[in-house]
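Hi everyone, thanks for coming along.

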Amino acid sequence: MWALLLSLTAVVVLLPMLPAILEWRFPTDVVPLHIDSQDALDPPFLARSFKVRLDEAVAQSQPRLGKSHIAETPSTGAWRFIERERRTHASRRVWQSTGDITLPAEMTYLGEVAAQGSLRTAPNEVYRGLWAGERLNLANCATLLRWAHGRTVDVHSGCQLAGRVSADERITLWGPATFLLLHAPVVCFNTDPARAQVASSRPLPVLQAGLPEPVVWNDIAQRGTCDEPLEILGGTAWQGDLVCRADLVMGPRCTTDGSLKVHGDLEADAGCQLTGNAVVEGRIELGPNCIVGGSLLSETEIVLGAGCVVGAPGRLATVAAPRVRVAPGVVVHGTIWASDIGRTQGYGVADELPRQRFIGAAGRPDLGFDEWAETQIDPRPGQRQPRQYKAAA
Amino acid sequence: MTFVVTKPLAAPLAVRNALFALAAGWALPCVAIPMTETTWRLEVTSPFGAVWGWSLCVATALLLLLLTVYAVRHYVFSLNRLFGAQRHPYASLVSAQWPRVTIFVAAHNEEAVIADCLANLMAVDYPEDRMIVMPVNDRSSDGTREIIDAVVKKFPGRIQPFHRTSGKPGKAAALKDATELVDTDFIIVFDADYLPSRGLIRRLMAPFTDPEVGAVMGRVVPNNVGANLLTRLLDLERSGGYQVDQQARQNMGLVPQYGGTVGGIRIAALKAVGGWHDDVLAEDTDLTYRLLLGGWQTVYHNRAECYEEVPQNWGVRVRQIKRWAKGHNQAMVRHSLPLLRNRDIPLSVRIDGLLLLGVYFMSPLLILGWLLSLLMYFTVSLDVATPALLAIAFMGHSALGNFAAFFEIAAAVHLDRSRQRVRLIAFNWLGFIVSAVAIARAVLEQALLDRLPGRGFHWDKTVRYRRAPQVSQPTGLPV
């Protein structure tokens, strides 16, 4: 009886240990956790990986890349779509060309498209991934699902860029658009980058040197700190970092040779210049023609006024926030990363993006925009109405 | 001794008794509580006298209170990671004018591992002209020097070795000397058994765009996880500690801890708080608190991950944790009061800072709690209800405090999406008991033996297990 009691007690005690004992004696999960060492810090990573794999597949005459068939685009004449593609107006094949491509209208590409030369999309269409060895031209109201890369990339009005867009030389957004990540040595918003270079080299007159009284300067730490809201008069110039543990307002044409940390919101009036970085827990709003040498990081929102320049040729910088709004004339050297949504503003009537034809309330694909509803604007008069869309698996 | 509360009770007796028993189970498990319609009578009797009985009661209640605070802290952190808003303010920094940085590789008799560490550093994607690697070879008596010199020849101009042949022993003293040779604005410190991944330096440097950041800490991931049960348990502990504990403190604006390796330091901040202190055993904890008191932030970057080698036998693990405990408790003694008095620091940060300083003191207190429970059981006069309350108290000691960290481990494994390994969590009590005993021994040694003439703090170097050069790290396939 005692033996039975003890045995049952032992069973009850050891029962919760059973999964542990099994995993210990018969391991199923013993490899070190994977460390991502490339992807997140290398925006063109997806595009370059795809191109390498495609080139290998083509060189070995493989019919497929992963699960997708590889198709050759026609050098002349009509595209050879299969019956299902013609019927559904959607191709899931990977298309590749050794020359230039102009993609036909009325066809959604849910497989990648790669061209050794230039690639021009059709308006109002949806693309999963686009690679161009030369110029990539995203026509009006095109939608990108995952990534696009080219030597130069031109984005026209109404595009919705839900994936990464990268370029070896330059990205230009010629009209209103929404975006997630733009990465190139020069990213222009409806402007000529040469104009920005002239602006960034312009010296500003100093009206007042030094920071106002609430700022406590520490020589060893090489920074000033301020624990209350701070308003700096226009034309003030100073050297060194500044940490403001409340809101910071900079008047017009303030100049600082250092970096900023702001616990509240940062508001810089027109023509301010900052050689370092600005890291802000609240919102960053730069007035027109501000010049920032380093990066801008916000935990809520960044608004770049018309003509602002971030970074410089050869000195790349990052503009990163959950929400980014950019006015025409802005030039960013490096990366703009809006983790929720980035959008243009200040384009007048054209600010209003047309609704994409495939985006219905029930059938829209997951484009990664948390605030999608906010970006949806009624279609222009005469625009085609949305059609139901079934996202790719 | 009788304590009479004359306040009349309004609730039904059964409900009152149940509520009181529940409350007593948490706070006063040892008190005999005869209850009447009109009074609370708390009786504590003991053959050793009322003072003995009440002392045990009060001590147990205080311990339970403290353990409850730590338990709540663990649960808050876990829930924050699972359901709260996450802060990764520097993770999106892709393009930047990266500053010059010196990378220290602290090495004392590290011939088995240092070549791998240096080779990995030579393969990182940080601009070569902005990165100087400085192996800090601290009085090694094995082949560490020759290995370093061989790597230096292989990568000319990229490595500036610092062979330290004399001076005060210890990592802090070696780093102090090495820092004198640095002409960059930032340093990053690795131990020699670490295997930095390709993007790690950029990730560690990203938070320094923020002029308020004095130190950055990355995440440590065990590389030899499959060696035996101990390494698998340590893998789980590391996950809980970094993926949940550190990141939750980062999310909540509390006190992420600089851990002495896989971390970066701003030289201006280091100088502003008095440089390295070479009389401490845990220079990392010491620096974390000096930076905090000096108005600098320490940032935890969960995506700055680096492989390390964890101990593969219990003896090494015990020595490692004893060293950590002594160093941490030393920092507790030094910094608790200044932290408490510093009104420039928000109250929540001060409280979290104090709780963090006290984590290595909880193990001896936990053991003390078990002892008190047993003493009370045998020496305090009991009525019918009290044995049940004592049982609750005993289980409370076991289930609260550091045991609540198991919830953190489960949450971390869930977040890491490597869910099969969580089955081993039932074995973590083993690691916990070993740690508790080791820490308690460390506290006793520190309080008593280390103060005797001829004794003192002794640095125990962690044994390395790697023998053959190995591949830099497991890498993922291109997407």
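Let me begin with a term: buried area is the accessible area, taken with a 1.4 Å probe, that two parts lose on being put together, summed over both. Please keep in mind that this is a predicted model.

So, how much area is buried between chain B and chain A? About 4600 Å², with carbon and sulfur atoms giving 58% of that area. In terms of residues, 54 from chain B are in contact with 56 from chain A.

The rule finds 7 salt bridges across the interface of chain B and chain A. One salt bridge you can look up joins E23(A) and R423(B), where the closest N and O atoms are 4.0 Å apart.

Which elements of chain B supply at least two residues each to the side that touches chain A? They are α6 (200-205), β8 (213-222), α7 (229-251), α8 (267-272) and β10 (297-308). The largest share, 4 residues, comes from β10(B). By class, that side of chain B has 22 nonpolar, 17 polar and 15 charged residues.

On to the sheet. In chain B, 8 strands form an open sheet with mixed pairing, in the order β5-β4-β3-β6-β9-β8-β10-β7. Its edge strands are β5 (162-164) and β7 (195-196), each pairing on one side only. Further in, β8(B) and β9(B) (residues 263-266) run antiparallel and are joined by 3 bridges. There, M217(B) stands opposite G263(B) of β9(B).

Methods
Residues are numbered from 1 along each chain as its sequence is written. Chains are lettered from A and ligands numbered from 1 in the order in which they are written. This is a predicted model: local features need pLDDT of at least 70, side-chain atom pairs count only at pLDDT 80 or more; totals for chains, interfaces and linings use all residues. Side-chain values use heavy atoms; hydrogens and water are left out. Contact means heavy atoms within 4.5 Å. A salt bridge is a side-chain nitrogen of Lys or Arg within 4 Å of a carboxyl oxygen of Asp or Glu. Ala, Val, Leu, Ile, Met, Phe, Trp, Tyr, Cys and Pro count as nonpolar, Asp, Glu, Lys and Arg as charged, and the others, Gly among them, as polar. Two strands pair if DSSP finds at least two bridges between them.
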